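Hi everyone, thanks for coming. I'd like to walk you through a few spots in this structure, so let me put it up on the screen.

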Amino acid sequence: MKKSYLLLPLVCAALAAYPQKKADRKTLTNLQAHVSYLASDKLEGRRTGTAGEQLAAAYIAEQMKAAGLSPKGAEGYLQTFTVREGRDPGDKARLSVNSQQLTPGEDFLPLPFSAAKAAKGEVLPGVNEVDNIWLINVKDWEDGGNPHALSQDNYIKKAKEAKESGASGVVFYNGPEEPRTVRKWLDEKTTETLPIPAVWACEKTSKMLSADDANGFQVDMQVDFKPVKRTGTNVVGYVDNGAATTVVIGAHYDHLGHGEDHNSLAPNDKAIHNGADDNASGTAAMLELGRLLKASRLKNNNYLLIAFSGEELGLFGSKYFSESNLIPIKDVNYMVNMDMVGRLNNEKGLQIGGIGTSPAWGEILKKSLPSSLKVQYDSSGTGPSDHTSFYRKDIPVLFLFTGTHADYHKPSDDADKINYNGQLTVLKLVYDVVEQANGKGRLAFTKTREMQMGGSTRFSVTLGIMPDYTYSKGGLRVDGVSDGKPAQKAGLQAGDVIVQLGETTVSDIETYMTALSKFKKGDKTTVKVKRGNAGKVFDVTF
């Protein structure tokens with residue numbers, strides 16, 4: 001995350017921010033127990049939609065019940081949502097080249113318009129024969145010199161041409177897409193099915209088919225599909241004080257599993273990613289805050305404690321909750337999000353985002369922060385964590401974060417590396433914030449600058465939109481539009497689905513980023529969007 005910070009002086013060690021009391025010792029013991037269980041190998045990394053996630057959800061619900069929190073999910077403490085509904089390679093799917101069996105989903109993917117059929121033959125490189133499999137090198141396509149301007153429609157067109165010329169099957173290789181883009185195509189509604197099998201080869205397979213010394217290939221292929229539905233589960237507890245407004249305290253509890261979603265920073269390591277800091281630490285703090293708030297005299301708000309799933313996949317759980325009306329979203333006073341709060345140290349200190357989302361935060365934080373704590377502030381209400389879903393609903397937010405580290409998104413993020421005293425410091429700070437806000441009524445909301453896509457050195461411009469990371473039906477849906485940026489000036493609105501930027505077809509977040517990287521400040525282009533059932537084209541100046 002690109003941040004702009006105001007640094008406060010470090011007076012003394014952050015670990016000594018609070019004196020140890022009997023109540024603190026109990027909280028510390030509980031924090032260690034929560035993190036130790038949630039980050040244990042038994043839960044296999046808490047990947048959304050897995051048995052490990054369900055074990056974590058059951059544990060969190062049990063802890064909420066033990067603390068006296070009322071269930072506030074759709075089914076007891078639980079709220080289930082759909083992460084993905086589409087197709088995967090079926091059990092019969094296969095592709096072998098010269099008797100080498102390739103792995104569906106890793107070495108190749110069936111294309112969604114493919115027939116569920118088999119084909120085999122002896123194929124010569126560069127030779128397309130009637131009644132045989134065709135190997136089509138995507139790099140050879142003429143597409144205006146822009147290899148990134150490919151969409152599923154391009155592949156359908158080429159596959160149709162091959163079928164009309166007598167191909168019995170098609171293998172596309174050297175495609176510019178990421179595998180996750182092709183996987184998303186499998187989740188889209190299929191508009192047509194061709195009468196021949198067609199597959200897309202991943203990088204390793206493409207290299208094999210591109211070998212300079214290849215004399216020919218024995219190819220045996222079969223396309224098979226199976227329906228898949230992946231769900232996640234939020235865990236929701238409630239402290240009902242009979243108040244008109246509700247404070248939301250949230251943390252995501254999902255993590256990476258064995259890295260199956262390709263979001264690990266140790267991609268060759270299939271070990272369990274236990275996610276002790278990310279985000280068993282925030283979940284443990286959320287549970288303890290629920291226990292403390294239930295027993296407190298702070299009664300001017302109700303309290304909703306939420307453990308979100310699907311955060312690592314794109315804020316699925318928090319976005320679903322914010323639109324589900326389990327409680328009226330208009331009644332939410334403010335939201336506090338704790339994501340990775342287990343590595344507090346004197347060098348980095350604590351990072352607090354969202355302070356620009358309400359004019360009340362400055363005074364509240366000034367009274368709540370211990371003088372010993374080094375703090376970095378950021379005004380923005382958006383970022384790659386669950387508070388963004390609430391900011392999008394015009395709710396003041398705070399985001400607490402103790403910084404990234406060498407174990408981030410790696411199997412080495414384990415419980416023995418957590419700074420539990422530092423975690424207690426963060427927890428008590430949040431409690432003090434809630435206490436300071438208790439007598440202030442409803443906090444005013446203010447809009448802030450956006451955490452822009454394109455803020456890295458890879459990009460020199462930004463369109464000024466916040467993408468909907470949960471959208472998987474083709475294109476990039478706009479979740480928010482920043483004031484004064486090119487998208488707003490051009491007329492784009494939240495809910496628009498960007499399908500083309502300049503000459504590049506946009507099918508997902510990756511193709512959007514590819515398109516954006518081609519422009520510099522002052523460039524003019526067009527953006528094509530779907531707005532409802534209508535198509536619109538806007539002129540944009542960066």
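Phe81 has contacts with Arg230, Thr231, Gly232, Thr233, Asn234, Ser309, Gly310, Phe316, Gly317 and Tyr320, once we set aside neighbours within four places in sequence. Please keep in mind that we are looking at a predicted model. Phe81 itself sits in strand β2, which covers residues 78–89. Is Phe81 buried or exposed? With a relative accessible area of 2%, Phe81 is buried, because the cut-off for that label is under 20%.

Now let's move to Thr402. You'll find Thr402 in the loop that links β17 (397–401) with α10 (420–437). Its relative accessibility is 1%, so Thr402 counts as buried too. What does the side chain of Thr402 reach at 3.1 Å? That would be the backbone nitrogen of Arg343. Arg343 is also among the residues Thr402 touches beyond four places in sequence, and the others are Asp277, Met340, Val341, Gly342, Leu344, Lys348, Gly349, Leu350 and Val426.

How many residues of α6 are buried? The count is 16 of the 19, so α6 is largely enclosed by the rest of the structure.

Note on methods
Residues are numbered from 1 along each chain as its sequence is written. This is a predicted model: local features need pLDDT of at least 70, side-chain atom pairs count only at pLDDT 80 or more; totals for chains, interfaces and linings use all residues. Side-chain values use heavy atoms; hydrogens and water are left out. Helices (H or I, at least four residues) and strands (E, at least two) are DSSP runs, numbered from the N terminus. Buried means under 20% relative accessible area, exposed over 50%, partly exposed in between (1.4 Å probe, protein chains only). A polar contact is a pair of N or O atoms within 3.5 Å; within protein, one must be able to donate a hydrogen and the other to accept it, and residues adjacent in sequence count only if both atoms are side-chain atoms. Contact means heavy atoms within 4.5 Å.
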